[in-house]
Amino acid sequence: MSVTPIASSQGLVQSAIQLASAKTGIDFNYLLGQAQVESGLNPGARAGTSSARGLYQFVEQSWLSVVKKHGAEHGLGWAADAIQPAGNGRMAVTDTGTRRAILALRNDPQFASLMAAEHAADNKAGIEASIGRPATGTDLYMAHFLGLGGARKFLKALETNPDRAAAGMFPAAAGANRAIFYGANGQPRSVAEIYQRFAAKLDKGADAAGGTGLASSTLGPLDPNAEVIAGMGEDTGNALAWARSTLDQLAGARSDRRGTAMLRPTPDTARLAYLTLASLGGR
């Protein structure tokens with residue numbers, strides 16, 4: 001059993017996030033923005049007030065849960081097998097050394113990015129089933145912040161009563177994160193204000209980390225000036241129309257587990273057109 005050495009280079013960190021995006025279909029800019037907000041792209045980041053560690057600041061129980069569910073898909077079968085339910089929704093590892101090794105993987109940018117993307121994909125499915133529309137990056141970050149149940153409640157309020165003070169809805173979260181739920185003057189922030197602030201924070205984080213699009217939306221809009229190379233006798237107008245239609249259909253879909261990136265053209269996903277890599281934001 002071994003743990004991949006921690007990568008300190010920002011380029012290696014971004015490559016790890018890019019790979020996680022390609023394998024899961026979760027937007028690269030969202031994952032990049034989240035990592036920037038959570039840790040400043042520092043794989044060794046540690047929280048001073050909790051057990052949170054790594055690029056995505058997973059606390060111990062959240063990490064054990066996501067590795068149990070998705071670890072085997074990404075070469076961590078030994079870890080997934082060692083993690084067992086311990087009641088009350090908690091996970092446990094009986095061997096102390098193995099538990100330490102599993103938790104140390106939070107500081108490995110490759111595995112941290114993969115597990116963060118898988119966790120986001122799970123939340124995405126849960127959110128979309130609840131709200132009936134494609135989830136945005138900001139929706140995913142609300143689930144990261146409040147948990148899936150909390151995010152569903154928050155997004156419902158955002159739709160029906162956006163001016164409602166959020167602190168009354170989430171007193172525990174508000175008590176632990178006063179700066180998020182209250183302004184400098186002590187006035188409680190509305191659901192809409194908090195959502196907008198998170199969106200801006202994600203976008204700023206992705207931009208600071210070298211992202212290529214907005215992190216607050218799950219899939220950026222297709223660039224109307226994107227270069228399109230037609231094939232199979234189709235003209236560029238038809239190819240661009242196909243590309244728009246295909247991206248609309250694929251928005252929110254996950255790539256298959258054979259390792260095909262969701263938006264990269266393959267015989268299965270691209271019959272008529274290729275968009276330039278730049279127009280896909282590197283995805």
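Helices (H or I, at least four residues) and strands (E, at least two) are DSSP runs, numbered from the N terminus. The model is predicted, so local features need pLDDT of at least 70 and side-chain atom pairs count only at pLDDT 80 or more, whereas totals for chains, interfaces and linings use all residues. Residues are numbered from 1 along each chain as its sequence is written, and side-chain values use heavy atoms, with hydrogens and water left out.

A salt bridge was taken as a side-chain nitrogen of Lys or Arg within 4 Å of a carboxyl oxygen of Asp or Glu. A search of the whole structure gave four salt bridges. In one of them, the side chains of Lys124 and Glu128 meet with an N to O distance of 2.8 Å. Lys124 and Glu128 are four residues apart in helix 6, so about one helical turn separates them. For accessibility, buried means under 20% relative accessible area, exposed means over 50%, and partly exposed lies in between (1.4 Å probe, protein chains only). Lys124 counts as buried because its relative accessibility is 5%, whereas Glu128, at 22%, counts as partly exposed.

Another salt bridge joins the side chains of Glu60 and Arg99 at 3.1 Å, N to O. Glu60 belongs to helix 3 (residues 60–70) and Arg99 to helix 5 (residues 96–104), so this pair ties together parts that are 39 residues apart in sequence. Glu60 is partly exposed, with a relative accessible area of 26%; Arg99 is also partly exposed, with a value of 26%. Asp122 is partly exposed, at 22% relative accessible area, while Lys69 is exposed, at 54%.

Aromatic rings were examined next. Rings of Phe, Tyr and Trp (its six-membered ring) pair if their centres lie within 6.5 Å; planes under 30 degrees apart count as stacked, over 60 as edge-to-face and the rest as tilted. The structure holds five aromatic pairs. The ring centres of Tyr141 and Phe198 are 5.2 Å apart and the ring planes stand at 75 degrees, so this pair is edge-to-face. Tyr141 in helix 7 (residues 137–160) and Phe198 in helix 10 (residues 191–208) are 57 residues apart, and their pair links distant parts of the chain. Both residues, Tyr141 and Phe198, are buried. Ring pairs also link Tyr141, Phe145, Phe181 and Phe198 into a cluster.

A charge sits over a ring if NZ of Lys or CZ of Arg is within 6 Å of the ring centre and within 35 degrees of the ring normal. The charged end of Lys153 sits over the ring of Phe170, 5.2 Å from the ring centre. For Arg178, the charged end sits over the ring of Tyr182, at 4.2 Å from the centre.

Ser216 lies in the loop between helix 10 and strand 3 (228–230). Ser216 is buried, with a relative accessible area of 14%. With contact meaning heavy atoms within 4.5 Å, and residues up to four places away in sequence not counted, Ser216 touches Thr136, Gly137, Thr138, Ala199 and Asp203.

Two strands pair if DSSP finds at least two bridges between them. Strand 1 (residues 84–87) and strand 2 (residues 90–92) pair in the antiparallel sense over three bridges. Pro85 has Met91 in strand 2 as its bridge partner. The two strands form a hairpin with two residues between them, and Asn88 in the turn has a positive phi of about 60 degrees.
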